[in-house]
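Reader: I'd like to learn how to read the fold of a chain with a ligand. Could you walk me through it?

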Amino acid sequence: MFRSSIRKFGTTALRAAAAETSSYGVRVSKAQGVVNGLTEAIGNTPLIRLKRLSEQTGCNILGKAEFQNPGGSVKDRAALFVVEDAERKGLLRPGGTVVEGTAGNTGIGLAHVCRSKGYKLVIYMPNTQSQGKIDLLRLLGAEVYPVPAVAFDNPQNYNHQARRHAESLDNAVWTNQFDNTANRQAHIETTGPEIWAQTGGKVDAFTCATGTGGTFAGTTRYLKTVSNGRVKAILADPPGSVLHSYIQSGGKLTERSGGSITEGIGQGRITDNLKPDIGLVDGSLNISDEKSIEMIYRCLDEEGLYLGASSALNVVAAKEVAEKMGKGHTVVTILCDGAYRYADRLFSDTWLRSKNLRDVIPKHLEKYIVLP
Ligand SMILES: Cc1ncc(COP(=O)(O)O)c(C=O)c1O
């Protein structure tokens with residue numbers, strides 16, 4: 001509810017600003033007006049039409065610019081909603097502690113949200129993660145515990161350690177991003193409505209990959225509901241994830257095997273965030289690392305967009321959905337985060353060779369491989 005009041009305020013402020021500044025030609029792309037603190041700056045991201053891919057397919061290919069969130073990724077939305085859900089349920093009171101198991105963007109989102117709201121943040125992560133990630137979370141104010149990387153069914157798995165840590169404290173919550181459906185709710189209440197409003201309801205398909213499943217499930221749920229089922233929902237899956245084969249086989253869960261250069265996506269099970277909406281899925285695509293890495297370079301060269309690998313995978317999926325649907329359709333996807341945290345790999349000659357991806361980069365894009 002607070003979102004619509006922000007939007008209303010934002011719209012009024014924007015109109016006033018536009019009236020005042022139109023003679024100077026000022027263009028405001030992020031219609032927010034003034035917001036009260038960092039948490040209210042989450043969401044309301046631009047929907048960017050990818051010009052070259054749209055021309056190439058004869059469709060409108062639109063990317064939701066989630067890298068423009070304050071913490072730099074789509075996970076800011078989930079972070080805000082899991083924290084505010086805990087507050088509403090009385091699990092978190094002033095001065096409390098948030099505990100999560102995460103190695104990536106959710107931790108960064110939570111760190112920003114917790115600082116902004118005055119909570120302490122404790123993060124458990126597998127000790128296989130880079131020192132850079134640990135340092136970043138610590139400098140954002142989190143207490144970080146790198147623990148041995150063991151399977152989920154081992155009690156020492158980082159997620160279980162996070163849960164036990166929260167249970168051992170008073171006024172503390174384990175936010176449990178994978179199975180806490182406040183994550184999915186963030187996208188039902190914000191991402192979905194924003195896409196619908198930004199396209200004026202002219203959206204034919206939505207596609208993206210899943211980690212927790214919150215973004216795909218929540219956005220799909222909203223777009224399906226508001227369009228009476230008209231908007232198609234296509235799940236995009238990286239190598240090493242089981243969801244593509246689960247959907248194609250009509251619900252058979254296989255063992256996870258192999259891996260991908262993408263981070264934050266790919267899944268071995270149906271999370272509680274995905275479960276309520278998996279039946280709404282119209283199809284799925286498996287997107288190879290070769291296609292994703294090439295798209296990182298293409299988006300940079302053709303669109304000026306500096307994207308991480310999960311975003312590039314989503315763009316490949318949107319292009320393939322557009323090609324399947326045919327000219328004249330509008331396909332929306334998620335630009336989850338930027339390439340900043342991954343640059344030392346994605347633009348490194350040595351790293352590309354180590355993944356057998358060096359030869360995938362077309363000649364005219366080789367100039368972007370600037371790191372040894
Ligand atoms: C870079 C990146 N892309 C995509 C996702 C997937 O989002 P979700 O967890 O909502 O499925 C994540 C999740 O951590 C991520 O970090």
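Author: We'll go from the whole chain to the sheets, and then to the ligand.

Author: Before that, two ground rules. This is a predicted model, where local features need pLDDT of at least 70, side-chain atom pairs count only at pLDDT 80 or more, and totals for chains, interfaces and linings use all residues. Residues are numbered from 1 along each chain as its sequence is written.

Reader: Fine. How many helices and strands does the chain have?

Author: Helices (H or I, at least four residues) and strands (E, at least two) are DSSP runs, numbered from the N terminus. Here the chain has 13 helices and ten strands.

Reader: And what does the radius of gyration say about the chain?

Author: The radius is taken over C-alpha atoms, and the globule rule is 2.2 Å times the number of residues to the power 0.38. For 372 residues a compact globule would come out near 21 Å, and the chain's 20 Å agrees with that. Along the principal axes, the C-alpha atoms fill a box of roughly 55 × 55 × 45 Å.

Reader: Which domains does the assignment give?

Author: Domain bounds come from an automatic or database domain assignment. For this chain the assignment gives domain 1 (47-70 + 181-368) and domain 2 (94-170). Their centres, taken over C-alpha atoms, are separated by 26 Å.

Reader: On to sheets. What is the order of the strands in the open sheet of six?

Author: The general idea is that strands of a sheet pair through backbone hydrogen bonds, either parallel or antiparallel. Two strands count as paired if DSSP finds at least two bridges between them. The six-stranded open sheet has the order β1-β2-β10-β7-β8-β9, with mixed pairing. At its edges are β1 (47-49) and β9, each pairing on one side only.

Reader: What kind of unit do β8, helix α9 and β9 make?

Author: A crossover is right-handed if, with the strands pointing away from the viewer, the path from the first strand over the helix to the second runs clockwise. β8, α9 (residues 243-248) and β9 make a right-handed β-α-β unit.

Reader: Why is one side of β5 and of β6 left without a neighbour in the sheet?

Author: That's the other open sheet, four strands in the order β5-β4-β3-β6 with parallel pairing. β5 (143-147) and β6 (172-174) stand at the edges with a single partner strand each, so one side of each has no neighbour in the sheet. Further in, five bridges join β3 (residues 97-101) to β4 (residues 120-126), and G101 has Y124 of β4 as its bridge partner.

Reader: Last one: which residues are closest to the ligand?

Author: A residue is near a molecule if its C-beta atom, placed from the backbone, lies within 6 Å of it. 20 residues surround the ligand, and the closest are G211, T212, T215, G264 and C336. The elements giving two or more residues to this shell are α4 (105-117) and α8 (214-226); α8 has the largest share, three residues. Domain 1 and domain 2 each supply at least three residues to the shell.
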